[in-house]
Amino acid sequence: MNDMVIKTNSIKAIKARRSMVELLLSNHPQDCLLCEKNSECELQKLAADMNIKSIKYTGEKSKFPKDTSSFSIIRDLDKCILCRRCVTMCNEVQTVGVLSPVNRGFHTVISPAFSSPMIETNCTFCGQCVAVCPTGALTEVNNTSKVWDALDNKDKVVIVQTAPAIRAALGEEFGLEPGTVVTGKMVAALRALGFNKVFDTDFAADLTIVEEASELIYRLEHGGRLPMLTSCCPGWIKFFEHDFSDLLDIPSTCKSPQQMFGAIAKTYLAEKVEIDPKNLVVVSVMPCLAKKYEAARPEMSRNGVPDIDIVISTRELSKMIKEAGIDFNSLDDEDFDNPLGESTGASVLFGTTGGVMEAALRTAYEYITKEELKDVNFEAVRGLEGIKKATVKIKDMDVNVAIASGLGNARKLLESIREGKVNYHMIEIMACPGGCVDGGGQPYMHENIDTLKKRMKALYKEDAGKTIRKSHENPFIKQLYEEFLGKPYGEKAHELLHTTYTKR
Ligand code: SF4
Ligand code: SF4
Ligand code: SF4
């Protein structure tokens, strides 16, 4: 109504707001000290902001069984405040449709259909529902105690790899500005925690590019199926296996960098340092909850030895650093160990949407033309748009590429491929909107787009500052092929670095 005056901070409004929060708390376990979300919970903050010291409403509380069925996500619906953010994320943004409200009134619960455990659903474990959940109702599976146990076991050698997106976000957990690159401090902290060697997933991202570019060229030269889709995101792969199983021959067969790292560590590295792979524990620090699930896929182990033993998220790493009493901000920068710690500018771009494509184009260009690529910056594939398209001239060939981030956008692209409406050579897909910088295991950023942009910018800055910016020029990758793998996309590379997909 015109001329209406609405007071949002009157005593009456403040009291009504407080009553609403009290009502939410009256049906809440109130076990904040033991909660995974302790000190990061929006409900806890709201209660503190509203100066709530006691709850006048008493009565029955909801009681639901905890869902601990998956490797990635725990559902503790006693802590759910029915805000439905996860429902919107899963249904409207990701278009996966796992979570929805079931029952009515006091018995309402957010659940998969038929109350199925998450592991039995088509959940991709992208973790985007966890990223938006304000309370401890949806959290990651916390593997930090497994890492502590491994570090405490004198019979084991424990090594760690850190994904590209971690270095652009970990600092936020220690009060640093979003976008502060903390690579050196992160390496120092991991050493202080007791890891025997600190390696870089970026090394394996370079390896992925060499294999992926070789596969693309093979498909181009041998009339293989196009477009070729990138395969480094396990959330996207599971989505694909459920919803587009008629197109199982189009994703690249390359394993993700995490898994390539594990396969190389348990073979090449184990041989080099003369250790039984059974006594080598490989820990991954990932921005991602789907990587926990990916590491547990049966095809990701050989002779009963998994390539990756434990996966923790950026958030879990920060908890370990705090638990150990390490003063993160005053650590001096340290370098990764070699041979699996050297990387190029191309590999760090894996952390953001468009980055895998840009890295692949840098290598594919030189493989195809046999000429030096002078300007390595492919601006057309950068930026936060959900779907990006570009045509890149390689020799006399127009290479059509597309990039999608967020599974809703991926669905649109895949449907156009299925209908034969588009003509792309290569497509990059990331399950999380914006890519891994916005992964489900990253510090909570409460949908702050500015934080996301700063994380992305940090990765492009890291790339620009590197002396070597093309994956195939990484000297340790060259050495790996010379000493162990033979040629790219060759027999041994296939055995260790490639995989197959399953109709689900
Ligand atoms: S992890 Fe992703 S796919 Fe699974 S329920 Fe959450 S938002 Fe949906
Ligand atoms: S986002 Fe969390 S609190 Fe909100 S409905 Fe989903 S599970 Fe419940
Ligand atoms: S985009 Fe990155 S963080 Fe998100 S599911 Fe894929 S690999 Fe994981």
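So, is I429 buried or exposed? I429 is buried, because its relative accessible area is 1%. By buried I mean under 20% relative accessible area, with exposed being over 50% and partly exposed in between, using a 1.4 Å probe and protein chains only.

Quick housekeeping. This is a predicted model, where local features need pLDDT of at least 70, side-chain atom pairs count only at pLDDT 80 or more, and totals for chains, interfaces and linings use all residues. Residues are numbered from 1 along each chain as its sequence is written, chains are lettered from A and ligands numbered from 1 in the order in which they are written, and side-chain values use heavy atoms, leaving out hydrogens and water.

Back to I429, which sits in strand β14. Helices here are DSSP runs of H or I with at least four residues, strands are runs of E with at least two, and both are numbered from the N terminus. Leaving aside neighbours within four places in sequence, I429 is in contact with L229, T230, C233, W236, A404, A410 and L414. Contact means heavy atoms within 4.5 Å.

Now the core. A nonpolar core is a set of buried Ala, Val, Leu, Ile, Met, Phe, Trp, Tyr and Cys residues joined through side-chain atoms within 4.5 Å. The largest one has 132 residues, and F195 and W236 touch the most other members. Helix α9 (residues 257-272) gives the largest share, eight residues. Domain 1 (11-140) and domain 2 (145-497) each put in at least three residues; those bounds come from an automatic or database domain assignment. As for F195, not counting residues up to four places away in sequence, it touches V147, L151, V158, I159, V160, L190 and V283. Apart from that core lies another one of eleven residues, among them V348, V437, L452 and M456.

We use a 1 Å grid over the protein atoms alone: a cavity is a set of points where a 1.4 Å probe fits but cannot get out, a pocket is an open set with protein on both sides within 12 Å along at least five of seven lines, and lining residues have an atom within 4 Å of a point. Points are joined across faces, edges and corners, and volume is the space filled by probe spheres set on them.

The largest pocket comes out at about 390 Å³. It has 27 lining residues, and M89, Q128, D438, M445 and E447 are the closest to its centre. So where does this pocket lie? Both domain 1 and domain 2 give residues to the lining, so the pocket lies between them. Helix α3 supplies the largest share, four residues. By class, the lining has eleven nonpolar, eleven polar and five charged residues. Here Ala, Val, Leu, Ile, Met, Phe, Trp, Tyr, Cys and Pro count as nonpolar, Asp, Glu, Lys and Arg as charged, and the others, Gly among them, as polar.

Last, the cavities: there are five of 30 Å³ or more. The largest holds about 240 Å³, and its 24 lining residues include C232, P287, K291, F350 and C436, nearest the centre. That lining is 18 nonpolar, five polar and one charged.
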